[in-house]
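Below is a brisk report on one protein model. It moves from the loops to the helices and then to the core.

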Amino acid sequence: EMDDDCLECVSHCRELGDLSVSFCEEMTDAGLVRLKRLQRLTSLRLRKSPEFSSSGLASLFASWESGMGARMVRLDLTECVGVDDAVVGIVAMCCVNLRVLVLAWCWDITDLGVASVVRNMRRQIGRAV
């Protein structure tokens, strides 16, 4: 099973553009910190992650505001229990070119979180016109 040590190894693949990991049950917020090194990611899939906290995810995505978020076009956080309105709000602000966002089975997202994504998409559409 993949764990934080595996993410440490992966984090040295600086040219990696797409990372997809399902059943991240042994990964924690300490592993998320390592993902900050992957500055060329355009697609990230972290599915079924019961150990990622809201604060850990928020910290990861907030760190992307300085550039990595602009490159992210696909983000799948299916069954990441730490995903909540705060995390979704940060994703909406930092991942300005996001084209695919999958939040299936993320039970702590309310209408407020969805509204932040919609507002961000409207801003993007307005800029493109």
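At 32% relative accessibility, Glu79 counts as partly exposed. Here buried means under 20% relative accessible area, exposed means over 50%, and partly exposed lies in between (1.4 Å probe, protein chains only). Glu79 lies in the loop between strand E3 (74–76) and H5. Helices (H or I, at least four residues) and strands (E, at least two) are DSSP runs, numbered from the N terminus. Phi of Glu79 is near 60°, a positive value in a residue other than glycine. Trp105 also has a positive phi, about 60°, and is not a glycine. Its loop runs between strand E4 (100–102) and helix H6 (111–128). Trp105 counts as exposed, because its relative accessibility is 55%. Most residues other than glycine have a negative phi.

This is a predicted model: local features need pLDDT of at least 70, side-chain atom pairs count only at pLDDT 80 or more, and totals for chains, interfaces and linings use all residues. Residues are numbered from 1 along each chain as its sequence is written, and side-chain values use heavy atoms, with hydrogens and water left out.

Thr78 lies in the loop between E3 and H5. Thr78 is buried, with a relative accessible area of 2%. Beyond residues up to four places away in sequence, Thr78 touches Leu46, Arg47, Lys48, Val102, Ala104 and Trp105. Contact means heavy atoms within 4.5 Å.

Leu77 sits in the loop between E3 and H5. At 1% relative accessibility, Leu77 counts as buried. Leu77 and Ala104 are 27 residues apart in sequence, yet 7.4 Å apart in space, C-alpha to C-alpha. Leaving aside neighbours within four places in sequence, Leu77 is in contact with Leu46, Phe61, Val83, Val102, Leu103 and Cys106.

## Asp84 at the start of H5

Which backbone nitrogen does a side-chain oxygen of Asp84 reach at the start of H5? That of Ala86, to within 3.1 Å. The side chain of Asp84 also reaches the backbone nitrogen of Val87, at 3.1 Å. A polar contact is a pair of N or O atoms within 3.5 Å; within protein, one must be able to donate a hydrogen and the other to accept it, and residues adjacent in sequence count only if both atoms are side-chain atoms.

Asp84 is placed in the loop between E3 and H5. Setting aside neighbours within four places in sequence, Asp84 is in contact with Ser54, Asp108 and Ile109. The C-alpha atoms of Asp84 and Val117 are 33 residues apart along the chain and separated by 12 Å.

## H5 against H3

Helix H5 (residues 85–94) is mostly covered, with seven of its ten residues buried. They are Val87, Val88, Gly89, Ile90, Val91, Ala92 and Cys94. In H3, the buried residues are Gly56, Leu57, Ala58, Leu60 and Phe61. These pack against H2, E3 and H5.

The axes of helix H3 (residues 54–63) and H5 come within 9 Å and cross at roughly 5°. Axes are lines fitted to C-alpha atoms, for helices over the stretch in contact, and angles run from 0 to 180 degrees between N-to-C directions. H3 and H5 are therefore roughly parallel to each other. Angles under 35 degrees count as roughly parallel, over 145 as roughly antiparallel, 65 to 115 as roughly perpendicular and the rest as oblique. On the H3 side, Ser54, Leu57, Ala58, Phe61 and Ala62 meet Val87, Ile90, Val91 and Cys94 of H5. The residues of this contact divide into eight nonpolar, one polar and no charged. Ala, Val, Leu, Ile, Met, Phe, Trp, Tyr, Cys and Pro count as nonpolar, Asp, Glu, Lys and Arg as charged, and the others, Gly among them, as polar.

## The nonpolar core

The largest nonpolar core has 35 residues, and Leu46, Phe61 and Val83 touch the most other members. Such a core is a set of buried Ala, Val, Leu, Ile, Met, Phe, Trp, Tyr and Cys residues joined through side-chain atoms within 4.5 Å. H5 gives the most to this core, with six residues. Apart from neighbours within four places in sequence, Val83 is in contact with Leu57, Leu77, Val88, Leu103, Cys106, Asp108 and Ile109.
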